[in-house]
Amino acid sequence: MNAPSSSKWPAPVAIAPDLLAEIQAEFSREWLRIVTAAQQGQLTAPKDRRFRSEAWSASPSHSFNAHVYLLSAKVVDQLVDAAQVSDALRNRLRFSAMQWVEAMSPANYFATNPDAQQAMIDSNGESLLKGARNLLQDIQKGRMTQTDESGFELGKNVATTEGAVIYQNRLFQLIQYAPITEKVHQKPLLVVPPCINKFYILDLQASNSFVRHAVAAGFTVMLVSWRNPLETDTDGIDAATWADYLQDGVLEAIKVTSTVTRQKQINALGFCVGGTLLASALALAHAQGNDPVSSLTLLTTLLDFEETGVLDVFVDEAHAQTREKQLGAGGLLSARELGTTFSFLRPAELVWNYVEGNYLKGEIPRAFDLLYWNSDGTNLPGPFFTWYFRNTYLENNLKTPGRVKVGKYPLDLGSLTMPTFIYGSREDHIVPWQSAYASTSLLRGPMRFVLGASGHIAGVINPPASGRRSYWSHGVDYACSEMPAKADVWLQGAQEHVGSWWPEWLEWLAVQSGKQVRARTRLGNTRHEPIEKAPGAFVKTRAV
């Protein structure tokens, strides 16, 4: 075989000499400042949250180590920024460097963490024993404990909104929630959550339940609870495809919702991947000659996958082909792998924070409903995942009319002409808000875009009573042709409002939902009788 030509090898990463000299000079100046302050006894503990405790301040040597670590981390970031590489490679370098930098923090190791050492002294060694016990328990569970899980039970203090499962098939259960108002809007709301997480992020506790808030506002709410497939299942669920999730999942849920409520058209809401599924399913319905939804809500949803934020570091042809060989014909992508991937998107908060607290100090994390949900992951059928990975993140096929087909039906998101409410979160690292905004150029109905503060979850789950955060909006619907082409231009004309975006969405939804009618206390109908109480059995199946 001939040796490959040199042109096929990637060029070494280069940094402009003047930039490298500047970084070196800044490092030398800062190093000298730290050393001098330490020698004079004037070096205080850094302001970084990892080094704020009294133990760090009381130990000059540990404080010095913390300063040197932070200086080194800063230099690594500067070198990545200065590297003469493509933006795609820079993002991968930055992600890899972040993993190394966060792992090397002196707070992560007992020998270099004075806070953990002091805890051992104060507890006569009990903290070390508890930490070892915590580690062994997590090894047995196969995941890191992020919250006191003993404080939560589905149906008891999370996922508590009253209702019943009125339908199920091999992919999902459909929950209908009981009305709590005498009258409800004529058209119901179907909620399609992501199948890569469990639905109850939208129904945590009464005070922050998105579902309960919609029910209390006078809407008949139905919700898809996706099945969590297990390796022990023998009915072929591990071979379920993207097309199955559209036809037998979303469109079947729409059909049952329409039948039970006796409405030819309903309102539908999709969250994250649930929004991608919902929009795709509606395009499929249109191709089949049906028009079952009169209004659409998309929360932190990608339809155009041109810019996918930090997740782009995992996307390439080699990864797609590897996964297709592993799972394309069947099998499960494990919740453990999905959970680990998402945790390492924010390693300081979702990994090393618990290494220090749980294992070095022997602490038990406080009970927190959102983190309990975060630890309750789901498996995914391999064919579903591999199709989704290639056609969205890798090839961005959904945005191009006709490029994706389900059976003989080509999908065109431009066929969706219903009124649409699109929400993005300004600090979202999973769905960058500009990418959520990009859906406005694909859909063709009147639309309203709203931008919430905070991230992927906290921005969405922001009940009005909390009085927290803010959101930006124009407060009116626009024809698709009137929406600014660029997200930043839209933001320049938007008004910031203090508090939750939920009231504006509910006001918008009410306009789409027809007259108010007397609420029916009976759930389901003669064809779809209640099977069990909400939240149902599917959501209670744990993957790990």
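**View 1. Trp387 is partly exposed, with 22% relative accessibility.** Partly exposed means between the limits for buried (under 20% relative accessible area) and exposed (over 50%), using a 1.4 Å probe and protein chains only. This is a predicted model: local features need pLDDT of at least 70, side-chain atom pairs count only at pLDDT 80 or more, and totals for chains, interfaces and linings use all residues. Residues are numbered from 1 along each chain as its sequence is written, and side-chain values use heavy atoms, without hydrogens and water.

**View 2. Trp242 stacks with Phe384 and with Trp387.** The whole structure holds 31 aromatic pairs. Rings of Phe, Tyr and Trp (its six-membered ring) pair if their centres lie within 6.5 Å; planes under 30 degrees apart count as stacked, over 60 as edge-to-face and the rest as tilted. Trp242 and Phe384 are 5.6 Å apart centre to centre, with 25 degrees between the planes. Trp242 sits in helix H8 (residues 242-261) and Phe384 in helix H14 (residues 382-394), so this pair ties together parts 142 residues apart in sequence. Helices are DSSP runs (H or I, at least four residues), numbered from the N terminus. Trp242 is buried at 1% relative accessible area; Phe384 is buried at 0%. For Trp242 and Trp387, the values are 4.8 Å centre to centre and 15 degrees. Trp387 also lies in helix H14, so its pair with Trp242 in helix H8 links parts 145 residues apart in sequence.

**View 3. One aromatic cluster takes in Trp242, Phe384 and Trp387.**

**View 4. Two arginines lie over ring faces.** Arg366 lies over Phe368, at 4.9 Å from the ring centre. Arg426 lies over Trp472, at 4.7 Å. The criterion is NZ of Lys or CZ of Arg within 6 Å of the ring centre and within 35 degrees of the ring normal.

**View 5. The largest cavity has a volume of about 60 Å³.** A cavity is a set of points, on a 1 Å grid over the protein atoms alone, where a 1.4 Å probe fits but cannot get out; lining residues have an atom within 4 Å of a point. The structure holds 4 cavities of 30 Å³ or more. Trp226, Arg227, Phe538 and Val539 are among the residues lining the largest.

**View 6. The second largest cavity holds about 50 Å³ of space.** Its lining includes Arg49, Arg50, Glu102 and Trp352. Helix H12 (residues 347-360) gives the most to this lining, with 4 residues.

Methods:
Helices (H or I, at least four residues) and strands (E, at least two) are DSSP runs, numbered from the N terminus. On a 1 Å grid over the protein atoms alone, a cavity is a set of points where a 1.4 Å probe fits but cannot get out, and a pocket is an open set with protein on both sides within 12 Å along at least five of seven lines; lining residues have an atom within 4 Å of a point. Grid points are joined across faces, edges and corners, and a volume is the space filled by probe spheres set on the points.
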